[in-house]
Structure formats: C-alpha cells, structure tokens
Amino acid sequence: MNGDIEKSRTRLKKEAVARQRIGERLARLSAEQLTRMDLPEELADAIKELRSMSSHGARRRQLQYIGAVMRKVDVAPIETALLEIEQGAYQQAQAFHRIEAWRDRLVAGDDGAMAEIMEAHPQADRQRLGQLVRSARKKLGDKVDPTSARNLFRYLKTLSEP
C-alpha cells in the first residue's frame, strides 16, 4: 500500500537537496578516496567536473546534475562510506591533538605526561624520550627550540602509529 502513494513535491525536493549535499561531501574527498569508493563512472565524472568549477551558478547546476545522477544510484552505501571516511579523519585529528598536548606538557615540565606516555606505549624507549624532552626544553632566547620540539613530536607520533 505504501508504494502506491506518490511522494509529494516537497518530499521529492528534500530528497534532491539531500542527494546534492552528498555530492558536495563527495567533492571534498581526495581523488584516492573517491576511487576507493568505487562510484559509478557517470557520478565520478560529474564530481570531477564539479571540482574544477569556480562559478557559483555553474557549481549549483552541476550539483543539481549530480542529484539527478544519484537518483539512479543506491545512496546508502555511499553515505556509509562517507561517514567512515569522515570519522577516520576526525580520529586522526584527535590523535594529532593528543600528541601535541603530550609534547607541550613534556616541554613545560609535566613529568606526569611521561608516565602517561609510558603507560599508553610500553614499547617506548624511556631513555630516548627523556633525551628528546631535555633537548626540547632548552631555550633559544625566550622560546623553545623548534627543531627539538619537532623531533619530540615525530617520536611521539611514531609511537602512536600501528
């Protein structure tokens, strides 16, 4: 019975706008991420064209076209893949901020951060970490040595990588 009822114009327009928004999100992905999603060729080409457009009107028309192309495609797997990619980027940003915070705390003299790091990463070389921290704490004028702080950050980042 539910399939016999036609959708209202308002409902159709809302669905079209939702597909266009998915197209916008797809356009923000890297070329590598798009190829991994295995999109239909027509949709992938339309997204590539959208990326090259700078005119507002042209972009709007292209997004409408993408919405029309997406009517023929099952959107659920695309939305799932987009969500996974966006959550992965969020988790990477969180890990980056955690590493930055550890570095800043170590350079500021918080030895509790050292214990936290050793607990989170038991494979870490405490001696090497201590050397990097001492080096980063050295002052150049009234600022921390940026090269040493970068080296400390890189070491902490290698610890956090799988």
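Helix H5 (residues 75-108) and helix H6 have axes that come within 8 Å and cross at roughly 140°, where helices are DSSP runs of H or I with at least four residues, strands are runs of E with at least two, and both are numbered from the N terminus. The axes are lines fitted to C-alpha atoms, for helices over the stretch in contact, and the angles run from 0 to 180 degrees between N-to-C directions. On the H5 side the contact (heavy atoms within 4.5 Å) involves Trp102, Arg105 and Leu106, which meet Gly112, Ala113, Met114, Glu116, Ile117 and Ala120 of H6. Sorted by class, the residues of this contact are 6 nonpolar, 1 polar and 2 charged; here Ala, Val, Leu, Ile, Met, Phe, Trp, Tyr, Cys and Pro count as nonpolar, Asp, Glu, Lys and Arg as charged, and the others, Gly among them, as polar.

The model is a predicted one, in which local features need pLDDT of at least 70 and side-chain atom pairs count only at pLDDT 80 or more, while totals for chains, interfaces and linings use all residues. Residues are numbered from 1 along each chain as its sequence is written, and side-chain values use heavy atoms, with hydrogens and water left out.

Leu106, found in helix H5, counts as buried because its relative accessibility is 1%, the classes being buried under 20% relative accessible area, exposed over 50% and partly exposed in between, with a 1.4 Å probe and protein chains only. Leaving aside neighbours within four places in sequence, Leu106 is in contact with Ala113, Met114, Ile117, Leu129, Val133, Arg137, Leu152 and Leu156. The C-alpha atoms of Leu106 and Arg137 are separated by 8.3 Å, although these residues are 31 residues apart along the chain.

The contact is made by Arg128, Leu129, Leu132, Val133, Ser135 and Ala136 of H7 together with Ser148, Ala149, Asn151, Leu152, Tyr155 and Leu156 of H8. By class, the contact of H7 with H8 has 8 nonpolar, 3 polar and 1 charged residues.

Which residues does Ser160 touch, not counting residues up to four places away in sequence? Ser160, which lies in helix H8 (residues 146-160), touches Arg98, Ile99, Trp102 and His121. Ser160 is partly exposed, because its relative accessible area is 26%. His121, in turn, is found in the loop between helix H6 (111-120) and H7 and counts as buried at 12% relative accessibility. With residues up to four places away in sequence not counted, His121 touches Trp102, Leu159 and Ser160.

Elsewhere in the chain, Arg19 has its place in helix H1 (residues 9-27) and is buried, with a relative accessible area of 13%. Apart from neighbours within four places in sequence, Arg19 is in contact with Gly67, Met70, Arg71 and Val75, and the C-alpha atoms of Arg19 and Gln64, 45 residues apart along the chain, are separated by 8.7 Å.

Gln62 is found in helix H4 (residues 56-70) and counts as buried at 8% relative accessibility. The side chain of Gln62 reaches the backbone oxygen of Ala46 at 3.0 Å. Setting aside neighbours within four places in sequence, Gln62 is in contact with Ala46, Glu49, Leu50 and Met53.

Asp38 lies in the loop between helix H2 (31-37) and helix H3 (41-52), and its phi is near 55°, a positive value in a residue other than glycine. Most residues other than glycine have a negative phi. Asp38 counts as exposed, at 66% relative accessibility.

Terms used:
A polar contact is a pair of N or O atoms within 3.5 Å; within protein, one must be able to donate a hydrogen and the other to accept it, and residues adjacent in sequence count only if both atoms are side-chain atoms.
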